[in-house]
Structures are given as structure tokens and as C-alpha cells.
Number of protein chains: 2
Amino acid sequence: MAVYTGENCSLARTLEIIGERWTLLIVRDAFYGVQRFADFAAHLRIPRAVLSERLALLVSAGVLAKTPGAGRRELYTLTDKGIGLFPALRALVAWGDQHYAPDGPRRHFRHADDNGEVDLAGVCQLCGKSLAVRDYLVTTGPGASPADASADAVTRALATPRRLLEPITP
Amino acid sequence: MAVYTGENCSLARTLEIIGERWTLLIVRDAFYGVQRFADFAAHLRIPRAVLSERLALLVSAGVLAKTPGAGRRELYTLTDKGIGLFPALRALVAWGDQHYAPDGPRRHFRHADDNGEVDLAGVCQLCGKSLAVRDYLVTTGPGASPADASADAVTRALATPRRLLEPITP
């Protein structure tokens, strides 16, 4: 990892872990319910060696937990520490949506119970509740592509509304 | 920049710009009021070639604006687009404070008018106002080091409370 000599700074330490673009995309996919190596690889089109390294880093940092799944496949799931990254991820996505989504956001975040929009602070604009991450639905927005329905398994799964953290098991 | 083939995703585009650890530390420093090349370099201890490249990237992305300063020095200041990164930065710092600041946060964010704590959504916990970034004070927290008072000019300036975005001109 990079050395921030003398950097007594929470941000520097945070960026040592997630301050690499692939890493945050992997974390994003974990919120979407991706758990298996092959699904991260297919969805992100990330070289397998890089994916291995990033997953190992996230496990060693306690952001992801690795557990045995069916058929010798290992599953990667967000820990509570990892789930704590949601507000930062949400804020980054919102900034990107504002500046780099000419057709509008590709995904919306809604309250699973009442389909209300959820603001950046995690409050449902319909019922006023402060939501846990598991209470969010991710739905498609105007920037989603019709081609998503015939893309990789993860993109296909995300073409219909689903709860965050609900496992995608194509 | 990295190629995210088929990545029709605001987060991927955002990370193409700020998804590199130095870049986000530069943006953080710009919120603290750092404006001059030499001050970024001294505070971050970043190689000058890397700093040049990152500043140019941030200017071309419209996150920073480059303007002429006194004595042929150029000044880098956050644009409105750049200031829009504050919620994401704040959330990342908060996550780092929670997990990587055993002595407590190095910096606190407070409302300049009444010294109230400001929550992650930007609301002063004392007066209830929703704050603009210019209304924040950055103050030292328990994780700050007494050595800060004799460190580089930026760290010294941050050893006393100051408003975000107020130029640091050592």
C-alpha cells in the first residue's frame, strides 16, 4: 500500500483500503448482492488477478467476509464495517449522477416498504423513516439501458427492482 | 484513465476522476483552503510530478479551477462541482474516524456560527440549520497531535479552528 508518511488522517487510511477505483466498484457490487468471484468478474470485467488481490485486501481489512458456499465456491459478503461504507458510496454515486448521467441516473434507491425515494441521509421521503441498508430497493432509472436485460447475470438481475444485500445467485 | 468497458455507471465515471487516493486527498486539502502547488506538495508529501498530473486532471474535470495568483503563482480552488464532493468526502472521513482513529478523530466539523456539531447530512445539531460548506469550521479533535503546531504550514494553520474553503496563505 502507499505510504502516507506522517499522515495521521482517517481519510488517508480509508483510501489505503478503498481508494482504488476497482475496490469501490467491488464494494458497490457487494451491496447489490454479488457474492461470487465469477459474478464480480463477469459484471465488472476486471482481470481475475486484480479481482483476487482486491478481494483479499477487502477481506483482510474486514470490509468483506469470506465464507464457504455451495460446491466449493467461496462467498464474499459485506461485514458491518463494510456496510458502514454505504453513505460514502451513495454520496459518490449521487455526485456522478449529477455530472455524468446525461440521460438521468441508471439506478434509483427506494424504500422497499413503500417505494418512497430515499435521500442521501437515508431518510425515506414518503414515510420519513431512517432506513437500514437492507430496507433499500435498487431500481432502474432513466439512464438504464434496454440492453441490460440481455447482459451478464448481475446486470440482468439488476434490471428488476431488488433489495440491497439480497444475494444474487444467478 | 482506466477503461470500464460497458460500464454505464455514475460511480465508475466518478472514480475515473477521483478514484485514486492522492486525488481525494488533494480535494480534501482544497476544502481546507490549500490553494498553492507548494502547499499541497508540502502537506501531502506527494511527488511533484504526481501532484502536477493530479491537479491537471482535476482542472480538466472541472473539480478545481486554476487562476493566476500573486507573483506568478497559480491558485487552485474548488469549483461548485468540486464543492459538491463534500458529502462523499465527509462520509469517507467519518468511516475512517470510526475504524482507524484509536485516539478519536483528528478533526471535527462544527458550525462556524454557534460551534454546534454538524452531522453527516450537513445539519447543525445545535441550531438545526442545514449548512453550506463555507459555514463549517474545521477544528482539532482528540486525535490531533501536539506536533501539528510545528509541522508544515498547512498542518500548522489547521491547528486552530478555521472555516472550510478559507484560503490558507502561509
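I take two strands as paired if DSSP finds at least two bridges between them. The model I am reading is predicted.

**Entry 1. Sheet of chain B**

I looked up strand 3 (residues 107–111) and strand 4 (residues 136–140) of chain B, and found that they pair in the antiparallel sense over 5 bridges. I then asked which residue of strand 4 stands opposite B:His111. I noted B:Tyr136 in that place.

I followed strand 4 of chain B onward to strand 5 (residues 162–163) of chain B, to which 2 bridges join it. These two strands also run antiparallel. For B:Leu137 I recorded B:Arg163, in strand 5 of chain B, as the bridge partner.

**Entry 2. Sheet of chain A**

I turned to chain A and traced an open sheet of 3 strands in the order 3-4-5, with antiparallel pairing. I asked which strands lie at the edges. They are strand 3 (107–111) and strand 5 (162–163) of chain A, each of which pairs on one side only.

Between strand 4 (residues 136–140) and strand 5 of chain A I found 2 bridges, in the antiparallel sense. I looked up A:Leu137 and found its bridge partner in strand 5 of chain A to be A:Arg163.

**Entry 3. Helix 6 of chain B**

I checked the span of helix 6 (residues 86–100) of chain B, which has 15 residues. From its first C-alpha to its last it reaches 20 Å, close to the 21 Å expected at 1.5 Å a residue.

I next looked up its burial and found helix 6 of chain B mostly covered, with 12 of its 15 residues buried. Among the buried residues I listed B:Phe86, B:Leu89, B:Leu92, B:Val93 and B:Trp95.

What do the buried residues of helix 6 of chain B pack against? In chain A I recorded helix 1 and helix 6. Within chain B I recorded helix 2 (21–32) and helix 5 (80–83).

**Entry 4. Contact between the chains**

I looked up the contact between the chains and found 40 residues of chain A in contact with 40 residues of chain B. On the side of chain A that touches chain B, the elements that give two or more residues are helix 1 (10–18), helix 2 (21–32) and helix 6 (86–100) of chain A. I asked which element gives the largest share of this side. I noted helix 6 of chain A, with 11 residues.

Definitions and conventions
Residues are numbered from 1 along each chain as its sequence is written. Chains are lettered from A and ligands numbered from 1 in the order in which they are written. This is a predicted model: local features need pLDDT of at least 70, side-chain atom pairs count only at pLDDT 80 or more; totals for chains, interfaces and linings use all residues. Two residues are in contact if their C-beta atoms, placed from the backbone, lie within 7 Å. Helices (H or I, at least four residues) and strands (E, at least two) are DSSP runs, numbered from the N terminus. The expected span of a helix is 1.5 Å times one less than its number of residues. A residue is buried if 20 or more other C-beta atoms lie within 10 Å of its own, exposed if 12 or fewer, and partly exposed in between; C-beta atoms are placed from the backbone.
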